[in-house]
Protein chains: 2
Amino acid sequence: MTASVTASRADFEARLRAIGAARYHDRHPFHHRLHSGGCAPDEVRAWVINRYYYQSRIPMKDAAFMSRVEDPELRRAWRSRMEDHDGSEGNEGGIRRWLRLAEAVGLDPAYVASTDGVLAATRFAVDAYVRFVRDRTLLEAVASSLTELFAPAIHANRIEGLLKHYDFADEASLSYFRNRFQEAPKDVAFGLDWVLAHADTGEKQDAAAGALIFKTEVLWAQLDALEHAYVTPGRIPAGAWVPGEGLLARAAE
Amino acid sequence: MTASVTASRADFEARLRAIGAARYHDRHPFHHRLHSGGCAPDEVRAWVINRYYYQSRIPMKDAAFMSRVEDPELRRAWRSRMEDHDGSEGNEGGIRRWLRLAEAVGLDPAYVASTDGVLAATRFAVDAYVRFVRDRTLLEAVASSLTELFAPAIHANRIEGLLKHYDFADEASLSYFRNRFQEAPKDVAFGLDWVLAHADTGEKQDAAAGALIFKTEVLWAQLDALEHAYVTPGRIPAGAWVPGEGLLARAAE
């Protein structure tokens with residue numbers, strides 16, 4: 001068996017970035033549809049409902065990671081991710097911002113927070129990610145977070161596209177994405193540096209690259225499922241959200 | 001099979017407190033020896049070295065707990081425990097304070113932090129606790145933290161006893177215990193309230209009580225192992241710390 005050749009740090013980083021260029025979910029047809037104003041209101045709602053499940057699991061994923069880290073320095077550096085999503089002093093956190101987006105698209109935030117209407121395929125993909133981070137090597141766990149390298153472009157397109165094409169979109173409802181502009185770069189700078197430093201053999205580089213590919217599969221599969229269920233003609237599986245459910249009751253303005 | 005009768009909230013709390021009165025490790029002969037000045041310097045060092053392993057796993061235990069919590073409010077309330085031990089803005093954290101104690105008793109903090117000399121029995125007991133919190137019900141996980149109900153008394157005795165009997169002891173070296181005076185009560189007030197609220201059947205009360213008993217066994221077993229290995233005549237197993245190892249090199253004062 002031939003061992004993999006160890007690439008230089010620069011070549012390995014290029015390899016990781018090429019994975020994003022090929023597989024990141026900004027290439028998914030559903031995102032093109034969403035950002036160009038092509039989604040009907042219920043398609044947007046389905047996206048918000050399902051994406052919420054992913055958001056709600058991120059802090060659990062990050063806690064699962066930290067539960068395996070023996071180095072207090074690494075835990076301290078990673079802990080800010082939980083604060084970003086769960087909130088802290090003076091920061092409501094990403095989860096609450098996502099529920100504000102839910103409200104802006106006409107959904108009852110309590111319904112969205114219950115995760116009752118989430119597609120089974122969404123749960124399977126997201127839970128696979130949480131388990132991956134809990135069970136695999138630390139290198140693979142950190143590498144799987146590096147999709148954030150590719151996120152700034154998608155957030156920019158998304159904010160611009162949503163503001164342009166949808167009435168619900170304004171700075172308040174899109175505050176989740178604005179915040180990620182500041183939070184994601186610090187996370188990914190740390191994560192990328194850690195992976196480049198620790199993937200010091202060809203075998204480890206393959207494992208890290210594999211983890212990043214896995215993560216792109218987690219994200220892509222969610223959009224495939226969303227598209228299949230809700231984009232006309234949708235095929236909504238039993239138990240998943242049906243348009244008309246979970247809407248915000250319009251009280252007196 | 002007869003179902004357990006559900007006790008009132010007050011009776012159930014009394015049941016939990018009775019477990020502490022019977023089984024908390026403040027009753028262990030090693031602690032009496034330590035607090036009364038009866039420990040030789042190497043016995044104190046062995047205690048510091050082994051106790052460090054427990055300290056180092058607490059943040060991992062708390063992250064393991066949070067990785068299973070779907071409620072952001074509960075995660076937010078629990079997160080302060082990680083900050084208490086790992087540190088945050090303006091707070092060096094309990095782990096660093098314990099290493100200061102290590103230095104005060106003449107041990108090289110890098111040696112202690114490596115956990116190289118820790119007894120296998122210590123690792124087994126502590127790892128069992130981390131896995132318990134990861135794998136059991138949330139009620140059992142929270143209930144297992146309630147030994148903190150009984151901790152203030154032991155910290156008071158310990159600080160007083162150590163200051164009185166040992167040269168190494170001063171406010172700086174004992175800062176870990178001083179800090180726990182403020183941190184533990186907030187943690188346990190939350191945890192006790194949560195357990196009393198959620199243990200609403202006889203079966204759940206039995207599970208919570210069982211979890212608290214389990215935790216007292218984790219603490220007690222560590223002291224039994226410590227006593228067996230290091231208190232004269234000690235029987236130190238292969239691989240564990242041997243007096244003379246891991247000492248702080250006495251550089252020019």
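User: What makes the pair Arg57(B) and Glu70(A) a salt bridge?

Analyst: In this predicted model, the closest N and O atoms of Arg57(B) and Glu70(A) are 2.8 Å apart. The rule asks for a side-chain nitrogen of Lys or Arg within 4 Å of a carboxyl oxygen of Asp or Glu, and the pair therefore counts as a salt bridge. Between chain A and chain B the count is 4 salt bridges, and the interface also holds 10 residue pairs in polar contact.

User: Which elements of chain A give two or more residues to the side that touches chain B, and how do those residues divide by type?

Analyst: The elements are helix 3 (41-66), helix 4 (72-86) and helix 5 (94-104) of chain A. The residues on that side of chain A divide into 9 nonpolar, 4 polar and 10 charged.

User: How many residues are in contact, and what area is buried between the chains?

Analyst: On chain A 23 residues are in contact with 23 residues of chain B. The size of an interface is often given as the accessible area lost when the parts come together. Here chain A and chain B bury about 2,000 Å² between them, with 50% of it on carbon and sulfur atoms.

User: How do you know that the copies meet through the same surface?

Analyst: Because 100% of the interface residues of chain A are also interface residues in chain B, the copies meet through the same surface.

User: Why is Glu140(B) called buried, and where is Glu140(B) placed?

Analyst: Glu140(B) has a relative accessibility of 10%, and since buried means under 20%, Glu140(B) counts as buried. The residue belongs to helix 8 (residues 138-143) of chain B. Leaving aside residues up to four places away in sequence, Glu140(B) touches Phe132(B), Ala207(B) and Ala211(B).

User: Which residues of helix 5 of chain B are buried, and what covers them?

Analyst: In helix 5 (residues 94-104) of chain B the buried residues are Gly94(B), Ile95(B), Arg97(B), Trp98(B), Leu99(B), Leu101(B) and Ala102(B). What covers them includes helix 4 of chain A, together with helix 3 (41-66), helix 4 (72-86), helix 6 (109-114) and helix 10 (175-198) of chain B. Just after helix 5 of chain B, Gly106(B) takes a positive phi of about 90 degrees.

Technical notes:
Residues are numbered from 1 along each chain as its sequence is written. Chains are lettered from A and ligands numbered from 1 in the order in which they are written. This is a predicted model: local features need pLDDT of at least 70, side-chain atom pairs count only at pLDDT 80 or more; totals for chains, interfaces and linings use all residues. Side-chain values use heavy atoms; hydrogens and water are left out. Contact means heavy atoms within 4.5 Å. Buried area is the accessible area (1.4 Å probe) that two parts lose on being put together, summed over both. A polar contact is a pair of N or O atoms within 3.5 Å; within protein, one must be able to donate a hydrogen and the other to accept it, and residues adjacent in sequence count only if both atoms are side-chain atoms. Helices (H or I, at least four residues) and strands (E, at least two) are DSSP runs, numbered from the N terminus. Ala, Val, Leu, Ile, Met, Phe, Trp, Tyr, Cys and Pro count as nonpolar, Asp, Glu, Lys and Arg as charged, and the others, Gly among them, as polar. Buried means under 20% relative accessible area, exposed over 50%, partly exposed in between (1.4 Å probe, protein chains only).
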